[in-house]
Amino acid sequence: MSISLSTAASLYDRVRRVIPPIEWPAFSDDIDAILALKRERNAVILAHNYQTPEIFHCVADIVGDSLALARKAMTVDAQVIVLAGVHFMAETAKLLNPGKTVLIPDLGAGCSLADSITAADVRLMRQRYPGVPVVTYVNTSAAVKAESDICCTSGNALAIVESLGTPRVIMLPDEYLARNIATQTKVEIIAWKGHCEVHERFTPADIRELREAHPGVTVLAHPECPPEVVAEADFAGSTAAMSDYVGRHKPARVVLMTECSMSDNVAIEHPEVDFVRPCNLCPHMKRITLANIRAALEENRHVVTIDPDVADRARRAVERMLAV
């Protein structure tokens, strides 16, 4: 079954500001097929804010940051979940929906943060700091989550840290997120040395150059950026918080110090705002395409599985986060 011409036209109308007309024919057949396959397979697509506009705005059913996807994954009625994002997100969706089929279109869609720490590393940290609770960023494998007391996202990290009622916590694996949260709380935070390969490349000099080239620009930074970058920005927050900031304040000109596609997706919602786009691409997010989303639905690939014991322990850490 194919979508109607009027539906196809309305989809392109939504993204025409960021996708040139010459590129649309390369996407339309896959979009047609994906929309039909979703109906046939009782499937939904969850897409992270860093997905490209043709995925984010044309085939996704649920979009957002890591926290939003984690929360909304529990509410879907569909039997099949396709995660348009990276592997740890697909694992989290599976943790929260153990009875459903969760697919990730490309097994190579990993994460430099997730790769920076192992379950054995967490066990060693516990030995070094006995009795100190472990707060683990969702940008980690299920095996790492299973060794943790509670998870957090960039959007709720401060609330999670302070909810534990302890004088200090271990916060893994993003060093910069931990250091940025440490400036907002009296809780002592013991950090790991993991970094996001997208956000660690931003520098204070980048922001100063942007301000010089675009006088009056509002600078929003993700808290995975180095603290000196966050200090130079006008606002720091999760991808959801940055999007909300643009919606509330409607700055005349704005720059988002985060992955490239985020600007395209927010720009579609706010045509009155001029977006300056410094482009740091996430190579892992960009492994997800319309073509492999279609193949995932057609061929039931790649099914996400987690060892039951690991899943039970990791699920508790995620559920504790969601309870906060």
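Trainee: Which strands does helix H7 lie across, and at about how many degrees does H7 run to E7?

Mentor: Helix H7 (residues 119-128) lies across E5, E7 and E8, at about 165 degrees to E7. Helices (H or I, at least four residues) and strands (E, at least two) are DSSP runs, numbered from the N terminus. Axes are lines fitted to C-alpha atoms, for helices over the stretch in contact (heavy atoms within 4.5 Å), and angles run from 0 to 180 degrees between N-to-C directions. This is a predicted model, where local features need pLDDT of at least 70, side-chain atom pairs count only at pLDDT 80 or more, and totals for chains, interfaces and linings use all residues. Residues are numbered from 1 along each chain as its sequence is written, and side-chain values use heavy atoms, leaving out hydrogens and water.

Trainee: In what order do the strands of the open sheet with E6 stand?

Mentor: Strands of a sheet pair through backbone hydrogen bonds, either parallel or antiparallel. Here, 4 strands stand in the order E6-E5-E7-E8, with parallel pairing; two strands pair if DSSP finds at least two bridges between them. Strands E6 (150-152) and E8 (188-191) are at the edges with a single partner strand each, so one side of each lacks a neighbour in the sheet.

Trainee: How many bridges join E5 and E7?

Mentor: Strand E5 (residues 134-137) and strand E7 (residues 168-172) pair over 3 bridges, and Val135 stands opposite Met171 in E7.

Trainee: What about helix H10: which strands does it lie across?

Mentor: Helix H10 (residues 175-182) lies across E5, E7 and E8, running at about 170 degrees to E8.
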